[in-house]
Amino acid sequence: MVGTSVKRSKSLLVEEYIARLEKGDALLDDSPQNLVEVVGILKSYGVVLDAYSINLCYVANTQFLKLFPLFKYFNGEVNSGKIGKFIWHDRLNYEYAEYCMKGMFWHGGGGLDAYLDTPEFAAQTEELLKAYYKYNPLMMGLHKIFPDFLPEQMRQMSYYSGLGQFWRVMSDIFINLSDSYDRGEIKSIPDVVKFILDGLVADAARPIVYIPKIGDIAFPIIPESAGITFLMDTGVPYVEAIFFRGTPFTGTVSYNAQAYEIPYDPGMFNYGALYADPLPIGGAGIPPTLLMQDMRHFLPDYLLKLYQEKSIRGEGDLRIQICESFQRSMFCVTTAAVQGLAPHPLNTEDRDQQLANRKYLKGWLNRILESQIIKVNRKTVD
Amino acid sequence: MLSALILIPLVSAAIIGLTPLSGKNPRNFAIVAAVVALAINIALGLQFDFQQEGIQFAENIPWIEWIGLNYHIGIDGLSFPLVLLNSLLTLIAIFATSRTIQRPRLYYGMLFLLSAGAVGAFLAQDLLLFFLFYELEIVPLYFLIAIWGGKRRGYAAMKFLLYTALSGILVLASFLGLVWLTGETTFDYAILRSHTLPLASQLWLLTPLLIGVFIKIPIFPFHTWLPDAHVEASTPISVLLAGVLLKLGTYALLRFGVGLFLEGWVYLAPWMAILAGISALYGASCAIAQKDMKKVVAYSSIAHMAYILLAASATTRLSMTAAVFQMVSHGLISAFLFLLVGMVYKKTGSRDVDYLRGLLNPERGLPVTGGLMILGVMASSGLPGMVGFISEFLVFRGSFPIFPIPTLMCLVGTGLTAVYFLLVINKVFFGRLTESLSQLPPVEWREHAPAFVLLLLIVAFGIKPDWVTHWSEVQAIALLTGG
């Protein structure tokens, strides 16, 4: 009986959220506080993503195949002041960008992942390796013995570059969104979703390329002709890897398989950003702490004021509050992705299109409703 | 000068309780008075000759001569550390008291009365005077538990009163018997100590004294009042109770048990050592089973106080020094732990180890409290570098050659300390923060200031133990040699 009622309540929830999406609403409840939190946090996220993006592209383009890339977080500017700031930890935590990159690399999916297994990629990589190690017979000898090792490094560099280019676009969208909000053009959560969706659609076909140089010679590891595009080949795998599957965090949650906390179908095992528990943020070994730590430097005043007023600890638990807002904002990005990838416009009047949409939405919602969305919406302050 | 240590808290209690001079909230006045008392104590320490046997700064004023009572006080290496501990913990207890406590004048008045009783008992060189101070501290402590205690404060306060009153009666009976059997007309400690009674007489007098102080320490099976008193008492009172008042019992053991009845003491020592071993194991075992953090610390206190009995029973030069060291060590560590448990309770409203979880959460938990608690547990478990290690090492090293089995029992008890405290730490501080505790108020640094002071001393005496041993070594050994 319990099982039946649980199933029924979940199917009711799915229907409720389908109706909500068809109506043009977002997964996240629309409220003034949610709007302030989402726009404010996306502004600081945009600033951080800008820096992450620059660094990922810098690493991909200049630090590839380096045995000890000691200064890879310095973006080419190495001086005593920057080293001092780095040691003092007064810096952005680019490690988080690498966590996300590794998450995407691990989970794969999309055209980028598929292209990295093609003969074209292998051939271009081989050319690059020959040029890079022209005067290094030891490495070339090792490459002969272990032929998969160095190409795998270049696959990883391709992800550095791919994620860097993806975040370049997302950063601009989020900062433009904030500017638009400041001008009074964004008034609700659905407005936020629409803005993000428009940004995604505008850049959907933007090519993702990776063409590192050795000296003056360029090596098109991922040429434009490969047809790798922003939305389907980096955006969708990113959402899958980071929002649903998570980055390879260690020690955050223990799952008990015997208590059925791990589904039989690994594809249904979700532990990404939408599912994350914000409470352990700040603890050791919890990588999202790094992102929250970075975002706290760029919070707009109105959001900082809200946090100070909202919590009994003022700024004492800022990183958890940022994480809660961040999770809210990610539900808006997810809504935009769900809307953008739908087979037909969600507000269509056509019955067949509606049925197709519903089938598509059920697939998403069956996963999304396992996330923190219900809890987050329950906490929404009108 | 020595009388100032008694008069300052007594007069402060009178000013706060009976006059409007200290204002509506006498907290600041109380702090000033406690600081002055502590400063005098330190000044006294600077003038004190620790290499000299016997009492110093003695004051002897005839009081009620027809019953043999004189106001005879003095300080020696045995009482100095405890008097200093009392001054320090009184100040810390005042700091740890809520600024918005109900009926503050009565509260602070009682607190100073308690402090005066304890310091008077430590300084008294007259058995009857000791008894008066010993009894004096019962009354304010009863009220401090009964008025500002927890839900079952009435029960706990009454139980405390009955037990400790019985303790006082037994101690008094022993003193009266001693005066009667020696044929003296005075209760003066030095005079009575110069007599040597036959063994049988000593045993007749020592037995009620021992039972009396076993209740006070407390030693199993006379301990049942203590967990209730600790659980119901507010944090500052638990600090004083564990840090100072229990030491009245162990002080009486050494001063009167060993000092006056050495032959009888040696005769009963094997049985006392076994009782110490049992008490240590019993306290540790009970601590493992507790669900209330404060009860864990309370039972731990019972186990650790038993080490003092073990060391005193062994009556070696090293073990006597160790007994005094363990008193100081336990006073600091237990006060520290009670402060931290009190902080957890103040912020979460609970001490239930089955309810509290993840308090080390760096953003919304009590990470500093948790960190300090871990250090406190390390100190209590006897980890090197802290005062607990030195005191327990000295106790076991000094006692093992005389009573190997009871020492091993106590060693097992010390091993169990790590078990029960780590269970508490693991449950309360690690894991995910309990959802209903995710909006805890923050702990301000000044709230932790008293704990940091104690931690500093715990570490300092752990690294430089001779700072404590040289206070008491000469006098502790003198108890055995009749000096």
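A crossing of two helices is called left-handed if the near helix is turned anticlockwise from the far one by less than a right angle. That is how helix α4 of chain B passes helix α5 of chain B here. Keep in mind that this is a predicted model.

**The α4–α5 pair in chain B**
- Helix α4(B) covers residues 104-123 and helix α5(B) covers residues 127-136.
- Their axes sit 8 Å apart, and the packing angle is about 155°.
- Angles over 145 degrees count as roughly antiparallel, so that's the label for α4(B) and α5(B).
- On the α4(B) side, the residues are Gly117(B), Gly120(B) and Ala121(B). They meet Phe130(B), Phe133(B), Tyr134(B) and Leu136(B) from α5(B).
- Sorted by class, this contact has five nonpolar and two polar residues, with no charged ones.

**A look at Pro227(B)**
- You'll find Pro227(B) in helix α10 of chain B, which spans residues 225-232.
- Pro227(B) counts as buried because it has 24 C-beta neighbours inside 10 Å, and 20 or more is enough for that label.
- Leaving out residues up to four places away in sequence, Pro227(B) touches Lys295(B), Ala298(B) and Tyr299(B).
- Pro227(B) and Leu161(B) are 66 residues apart along the chain, and 14 Å separates their C-alpha atoms.

**Where the chains meet**
- Chain A brings eleven residues to the contact, and chain B brings ten.
- Chain A's side of it has five nonpolar, three polar and three charged residues.

Note on methods: Residues are numbered from 1 along each chain as its sequence is written. Chains are lettered from A and ligands numbered from 1 in the order in which they are written. This is a predicted model: local features need pLDDT of at least 70, side-chain atom pairs count only at pLDDT 80 or more; totals for chains, interfaces and linings use all residues. Two residues are in contact if their C-beta atoms, placed from the backbone, lie within 7 Å. Ala, Val, Leu, Ile, Met, Phe, Trp, Tyr, Cys and Pro count as nonpolar, Asp, Glu, Lys and Arg as charged, and the others, Gly among them, as polar. Axes are lines fitted to C-alpha atoms, for helices over the stretch in contact, and angles run from 0 to 180 degrees between N-to-C directions. Helices (H or I, at least four residues) and strands (E, at least two) are DSSP runs, numbered from the N terminus. Angles under 35 degrees count as roughly parallel, over 145 as roughly antiparallel, 65 to 115 as roughly perpendicular and the rest as oblique. A residue is buried if 20 or more other C-beta atoms lie within 10 Å of its own, exposed if 12 or fewer, and partly exposed in between; C-beta atoms are placed from the backbone.
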